[in-house]
Amino acid sequence: MRVGLVCPYAWDTPGGVAAHVNDLRTALMQLGHEAVILAPAEDEDALPDFVTNGGKPISISSNGSVAKINFGPGPAARARRWVRDSDLDILHVHEPAGPTLSLLSIWVSEGPVVATWHSSLVSSRRDIAAWSPIIRSGMEKIRARIAVSEYARRSLVEYTGGDAILIPNGVDCSAYAGDEPLPGRARGSNTLMFLGRIDEPRKGLPILLAALPLVARAVPDVNVLIAGPGDVEQVRAGLDPEIADRVEFLGLVSELDKARALHSSDIYVAPNTGGESFGIILLESMAAGTPVVASDIEAFQRVLAEGRAGVTFRNGDPADLATQLIELLGDPQRRARLRTEGAVRAEEFDWSSVARRVLAVYQSVRQGGEKVEADFSRQFWGRLPLRRGGGSGDAEETEA
Amino acid sequence: MKVDLFWIIVLGFALAFTIWRLSALASRIDRLHHRIDLARASLDTQLVRRARAAEALALSDLLDPASAVVLARAAGNCRNADPADAAEWGLVESEMSRDLREVLVDPEGIDALRGTIDGRELVDDLASACNHVMLARRFHNDAVQSARLLRSGRLVRLFRLAGNAPLPDMVEMDDAMPPALVPYG
């Protein structure tokens with residue numbers, strides 16, 4: 001199958017959706033399919049040859065963060081040309097519920113269209129109300145809707161009605177395979193690991209640091225690797241002197257060092273207090289063979305298969321976290337069992353399984369031999385009788 | 001006279017806008033109906049495929065006799081159901097889903113079935129068909145919901161933009177697949 005993927009956010013700015021689109025493409029190719037990508041880009045020359053430039057993005061602040069997207073007649077013409085020239089069997093757009101390249105791509109196409117909702121660009125009911133009359137005609141073309149998390153699915157159902165298939169983000173298990181640790185830090189010395197912004201309270205580092213003295217009383221050589229950006233000095237200044245020498249800050253780590261650090265750790269701790277919609281790091285940790293102890297927030301419970309693939313503690317409760325850690329550190333057999341269960345669970349979320357599920361969606365919306373056509377009849381100038389005959393020339397004329 | 005001309009032009013624009021608006025609405029309805037037809041065809045195809053896969057498994061000698069009889073009978077019922085009778089048809093297909101869940105209940109049994117090359121192919125095909133049935137029905141009903149929403153609009157009803165097309169219905173049935181098959185779907 002030949003699939004066209006549309007990423008609405010600038011390709012040259014690292015981000016979750018762009019990474020997802022790229023990984024999905026790789027996984028589809030590995031299953032023997034073809035995939036090309038359309039995305040806005042600042043620098044066309046830097047794009048790999050499978051990405052088509054959808055025009056220059058502009059920065060929009062939404063939900064407290066900045067999104068680089070684009071919209072307008074220029075990008076619309078680019079999208080139309082891309083659809084016309086790419087010979088697609090499936091058009092798969094990402095995050096379409098806003099004024100983005102994804103929505104434009106739907107507008108200019110006719111045929112099997114699939115869309116994936118990641119979080120939501122839409123931050124309030126008022127926003128969606130402003131857009132809904134215009135986007136609805138586009139939404140009606142989407143034959144299958146996918147949500148990457150229960151959170152995304154719920155907001156989709158709430159705002160637009162209808163339902164979506166839940167297909168989570170993938171994990172590249174192979175990147176965490178093996179057991180190469182950080183230099184000189186082999187697993188087995190009661191090492192815990194935390195990853196996340198160290199000065200963002202919702203990531204829960206203070207809870208782990210509060211639990212640590214309790215753990216140290218039972219497990220004297222317990223120590224912690226802390227990876228992630230943030231002000232180290234500030235956190236170090238607030239440390240209980242009893243445990244100060246057991247804590248090592250790694251700062252922002254590369255993907256490779258993340259895997260190594262996981263291989264150096266006996267337990268990965270995820271004390272997040274909320275605001276997590278999925279928990280990919282938990283799966284990465286399980287793929288690396290490091291058992292997980294996580295807060296019992298909904299998203300984590302689900303990833304840990306309700307406790308089968310990992311241990312949970314009462315959210316926000318350092319004493320309970322300490323109890324669970326002491327128990328697990330003292331029980332190598334249980335750790336071995338969790339390692340096995342965790343590896344199985346992580347495999348279910350490997351990109352190869354995720355891509356297979358996405359392919360099943362493609363197959364069920366495409367009727368034998370159907371193609372995605374560039375659609376001119378939907379444009380109001382395309383409706384004029386004069387233009388109907390030789391429509392394909394006007395993409396160049398309308399290009400800004 | 002000038003005023004009259006002004007109003008004629010305004011009226012002309014208003015009329016053009018209304019016609020454009022109505023034709024846009026009509027083609028949206030048309031497209032949704034087309035989408036529903038496609039989705040329905042896809043669901044029918046997948047249900048036939050599922051019944052065939054269940055029958056093939058029943059005739060394979062890999063199941064115990066009692067399970068084989070249950071699946072073969074369910075498959076026969078699906079084949080003989082009158083597609084025009086939506087209620088009966090939904091019941092028969094739901095029955096098939098329940099029978100499949102009853103027969104293919106334990107993961108160890110599935111593993112044993114998948115131990116042979118034939119068994120593996122049969123089970124995987126059945127699992128894939130079950131999964132596709134669920135997807136197809138969900139996407140069909142999604143399209144039906146969009147169409148019903150659009151057709152409930154005032155303009156659509158006033159100008160009868162949906163023509164004589166009957167109001168589409170959702171397909172109601174039990175399509176849950178055997179949990180033990182989920183990993184192979």
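Begin with chain A as a whole: among its contacts between residues at least 6 apart in sequence, 68% join residues at least 24 apart, where two residues are in contact if their C-beta atoms, placed from the backbone, lie within 7 Å. This is a predicted model, in which local features need pLDDT of at least 70 and side-chain atom pairs count only at pLDDT 80 or more, while totals for chains, interfaces and linings use all residues. Residues are numbered from 1 along each chain as its sequence is written, and chains are lettered from A and ligands numbered from 1 in the order in which they are written.

Stay with chain A and colour by secondary structure, which comes to 16 helices and 17 strands; helices (H or I, at least four residues) and strands (E, at least two) are DSSP runs, numbered from the N terminus. Of the 400 residues of chain A, 46% count as buried, a residue being buried if 20 or more other C-beta atoms lie within 10 Å of its own, with C-beta atoms placed from the backbone.

Next, select domain 1 (2–170 + 352–398) and domain 2 (174–348) of chain A, whose bounds come from an automatic or database domain assignment. The contact between them takes eight residues from domain 1 of chain A and five residues from domain 2 of chain A. On the domain 1 side, helix H5 (residues 150–160) of chain A gives the most, with three residues.

Now bring in chain B, where 17 residues are in contact with 16 residues of chain A. Strand E9 (142–147) and helix H13 (351–365) of chain A each supply at least two residues of the side that touches chain B, and H13(A) gives the most to that side, with five residues.

Finally, select H13(A) together with helix H5 (residues 117–151) of chain B, which pack at an angle of about 60° with their axes 9 Å apart; axes are lines fitted to C-alpha atoms, for helices over the stretch in contact, and angles run from 0 to 180 degrees between N-to-C directions. The two helices, H13(A) and H5(B), are therefore oblique to each other, since angles under 35 degrees count as roughly parallel, over 145 as roughly antiparallel, 65 to 115 as roughly perpendicular and the rest as oblique. To see the residues themselves, show Ala360(A), Val361(A), Gln363(A), Ser364(A) and Val365(A) in H13(A), which meet Asn131(B), His132(B), Leu135(B), Ala136(B) and Phe139(B) in H5(B).

Key. A residue is buried if 20 or more other C-beta atoms lie within 10 Å of its own, exposed if 12 or fewer, and partly exposed in between; C-beta atoms are placed from the backbone.
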